[in-house]
Amino acid sequence: MLGDPRTVRISGDDTAAVFRRTEDADAERRPDDYRGKPVPEAYVWCNLTSGNGSRALWLLLLPFMVVNIAHWMRPTSRHRRRLARTYGLLVRLVGLTLTVLLVAAACEVALDLTAWQCAGTPRCADDRAWLGFLAVDADAHGGWWSQPGRRLALAALLPAALTGLLWYLSHRTWSAYESQQPLPHQPDPEEETSRTALGRPGFWYGRRLVARLRAAHTAAGLLTVAAAVGTPAARHDRRADGPALLEVLGWALDATLVVGVGVVVWVVCRRGRSENRLDRRLDKTLVRWFPTGALILLVLALLYAGWSRPDWRSAGRLPGDATFGGIVLVQGVLVLCLAAAAHVLYRSSPDPRTAIRGYGGPAVAMLSCALGGVMTGGGAQRVADWLDGNHGSIDGPPVLLTWQASVIPPLLVVVAALCGWFGVRTVQRKHREMTRIPLDYPGEPKDSTRTRRIAGTRARAALTDRAPLLVGIISAVTLLLGAAALTGAWATGKAPAQAAQGLPDVLEGAAETAQALGSWLIGFGFILFVTWGRRAYKDPSARRTIGILWDVGTFWPRAAHPFAPPCYAERAVPDLTWRMAAWTRATSATGGRLVLSGHSQGSVLAAAAAWQLRPSVRRRVALLTYGSPLERLYGRWFPAHFGPAALSSLHREVDCWRNLHRTTDPIGGPIDLPGDCGPQVDRPALKDPLAYGRTEEHPLPAPILGHGDYQADPAFAEERARLLARLRPGVPAPRPAAQDGVTPAPADPPDTAG
C-alpha cells in the first residue's frame, strides 16, 4: 500500500494499525523536510476479518450474519418512522427464530436421534459401543442411565453447550471489536439538522442493544433445550398413572416455559438501536439475570426429566415435526410481513436503483432462513445415516426435514435455468463489447483474441448488476417450495416417496428421485461446509478468503442478531475518525488538510469515517475512492444509508470527492450522483488494459487489471495531485508560520489489500 518495504507502525495494535514508511515516521518533527510533499499513511484492517484459526467458527454463524444484513436493507422512507421501526422489529424476530432453529437442530441430533431413538433401540445401540451405558437390551432393561428421561437429560448438555459457545463468541468478539469508544460528539455551529444515519453519534456503538439481544437469544436457546428435555417427560406424566406431584411439576414447567418465551419476545421487541446519542448504559439486571434464570430453569428441567420412571419406554420420534413446522411457519409469516412493510416504505420514496424495488431485505431474510434450514437439516440427515447405517432400525429425523431436502433439486433446477439465461445474456453483451473496443483503442492493429478477452471481462463484470434479479427469483421460489414442503409434511405425515405411493408413475418416480437427490445434496452440502470450516481453521489463505466474504456482511453493526460475526467497522471507523481528527487538529505543523483514499471496501470505511467527523473538520478532507462499491452495491442494496441523498450529502460536506472506476471491475463502479454532482465526482471509466497491444510505453502485453491495482494507472496520481492542490490554498492556519510549513498528509489508503 505504501510502495516501500520499510514501514513502521505509528499507532494501533496487531489487529488494526496505521503505518508509515520508515523515513516518514517523525514527519511532524521535520516540517521543513516536507514542504510541498504529502506524508502517506496506510490503515491496515485485514486482521479484523481474517486472523487466527477461531475465524473458522464464524461459518457456524453464517445464517445469523445474513439476517443481520437484511436489517440494514430497509428502503428509504419519508415520514414513516414507526413503520421503519416495525421493519427492524420484524427482522429481529426472524433472527430469534434462527437461534431457536439452530438449537432445536442440536436437540434433534443429540436428544431425538441419539438418546431417544438409537440408544432406545437395541439394534442401533449394538453397533455403537459408546452408547452402551445408555442403551437398553431386548427386554427393555439397562443401567441407571438407560431410562429415557435420564438419557435425554444427559444428551441435553450438548445443545446447552452450543448455546454457551454462541454466548461466549458473541461476548468475546464484542470485547475485542465493538467496545471501541467513538469520537466524542461535540456541538458544531456548522452542523446541519438533517444527517445521514451513519453520521449519528451512536451509530457505531450498539453496546446496549447487543447486550440485550445476547441475553434474550441465550435465554431462548436454553429455554429451547429445557422444552426439548422436559416436555416429553411432562407428556408421559400426564398420560401415565404416576405420582401426582410429577404431573403438577410438569404443568408448572410448561407454564414457566411459556412465560419465559413471552419474556424473550418482549425483550427482543422492546428496544431498538439508539443512534442519535452515544448510549453507554447497560441493562445489567436483564443482561445478568435473564440468561441465569433460563439456565436455572434448564437445570430444574434436567432434574425433573431424570426422575425415575421405570415404566417409561422410548418409541418412535420425539415431537420434532410440530417444533420444526412451527418454526418454519413463523419464519414464513414474518418474511411476508417484512415484505409488506418494505413495499410501503419503498412506495413512500421510490428509487428505481433500489435492489428488487425495496424487497431486498425480505429476500435476504428468506435466504437466511433457507440457509439455516439447509445447515440444520443436513446435520440431522447425516447423523441419522451415520447412526443407523442401512439397518432401518430408527425412524430418523422429522418428516419435515425430509420434505425440505426434497425441494432442493427443484430449486437447483431453477438456479441452473437462471445461470443459463445469464450466460446467454453475457455472451450477447460480450459481442456488443467487441464492437466498442476498437473505438476505445483507435489506431491499434486488430487482435481478435485480445478483443475477446477484454470483451469477456467486461461482460462478466456486468453480471454484478443482475444479482438483484437472481436473489429475488431464488428467494421467491424458496418461499414457495418451503410452503409446499410444510404443507406436504403436515398433510401426509409421511416422507415424499411414501406420500406419493398410489399416484401416477411419473409423480411417484419424481417424488422418489427428489427425496433421494435431496438427501444426498443436503448431506453433501453439510460435509462441504464442515470441510471448508476445517480447512479455514488450518489454512491462513482459506481464512483470508472467508475474510473477504465477511467484508460486506460484517461491516454492519449487530442490530438483528447478537450471534452474528462481529462488526469490524465498529473498530475501524473509530480508528479512522480518531486518526483524522488528531491530524486535522495539528494545524500548527500541517495545515490540517487531508486526502482520504480508499479502495473497494476501504472506500466504504472512508465514507463512514468522514460522516463521523465534525462538519467543520469534514470540510478539510478530500475523498479519493477507486474500485468503490458505494453506489453499485451499497447504494442499491442499502438505500436508506447509502442512497443518492446520503451520497450527495457526503459530496457537499467534504471539500472534494473524486471516484475512479473501470468497466472491467465486477465490484467497483461510478457513484452516479444526480444532476451536476455526477461529473464532479466520477472520472470517466479508466482504460483497462492501459494498452491494447505492444507499444513503446508498454512493450509487453498490459494486463487486464479489473478490480485491482488502481494505483498503477496514471489517473490515480493525477487525481490525488489535483486534490492536494485544491486543498492547499483554502485552509487557514492559526499562525502565519504554519502557512509556510508542510503540506497536508493524506491517510492513504484504507484498503482491503492490507
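Two residues are in contact here when heavy atoms lie within 4.5 Å. The model used in these exercises is predicted.

**Exercise 1.** Describe how helix H2 packs against helix H4.

*Solution.* 
Step 1. Two packed helices are described by the angle between their axes and the distance between the axes.
Step 2. For H2 (residues 81-118) and H4 (residues 148-155), the axes come within 9 Å and cross at roughly 145°. The crossing of H2 past H4 is right-handed.
Step 3. On the H2 side, the contact involves Ala110, Leu111, Ala115 and Trp116, which meet Pro148, Arg151, Leu152 and Ala155 of H4.

**Exercise 2.** Classify the aromatic pair of Phe555 and Phe642, and state whether each residue is buried or exposed.

*Solution.* 
Step 1. The structure contains 22 aromatic pairs. In the pair of Phe555 and Phe642, the ring centres are 6.4 Å apart and the planes form an angle of 50°. Planes under 30 degrees apart would count as stacked and those over 60 as edge-to-face, so this pair is tilted.
Step 2. Phe555 lies in the loop between helix H17 (540-553) and helix H18 (569-585), whereas Phe642 belongs to helix H23 (residues 639-642). The pair thus links distant parts of the chain, 87 residues apart.
Step 3. Buried means under 20% relative accessible area. Phe555 is buried because its value is 0%, and Phe642 is buried because its value is 1%.

**Exercise 3.** Which ring does Arg238 lie over?

*Solution.* Arg238 lies over the face of Trp251, 4.3 Å from the ring centre.

Definitions and conventions: Residues numbered from 1 in each chain as written. Predicted model: local features only at pLDDT ≥ 70, side-chain atom pairs only at ≥ 80, totals over all residues. Heavy atoms only, no water. Axes fitted to C-alpha atoms, helices over the stretch in contact; angles between N-to-C directions. Helix = DSSP H or I, 4+ residues; strand = E, 2+ residues; numbered from the N terminus. Left-handed = near helix turned anticlockwise from the far one by under 90°. Phe/Tyr/Trp six-rings, centres within 6.5 Å; stacked < 30°, edge-to-face > 60°. Buried < 20%, exposed > 50% of the residue type's maximum accessible area, 1.4 Å probe, protein only. Lys NZ or Arg CZ within 6 Å of the ring centre and 35° of its normal.
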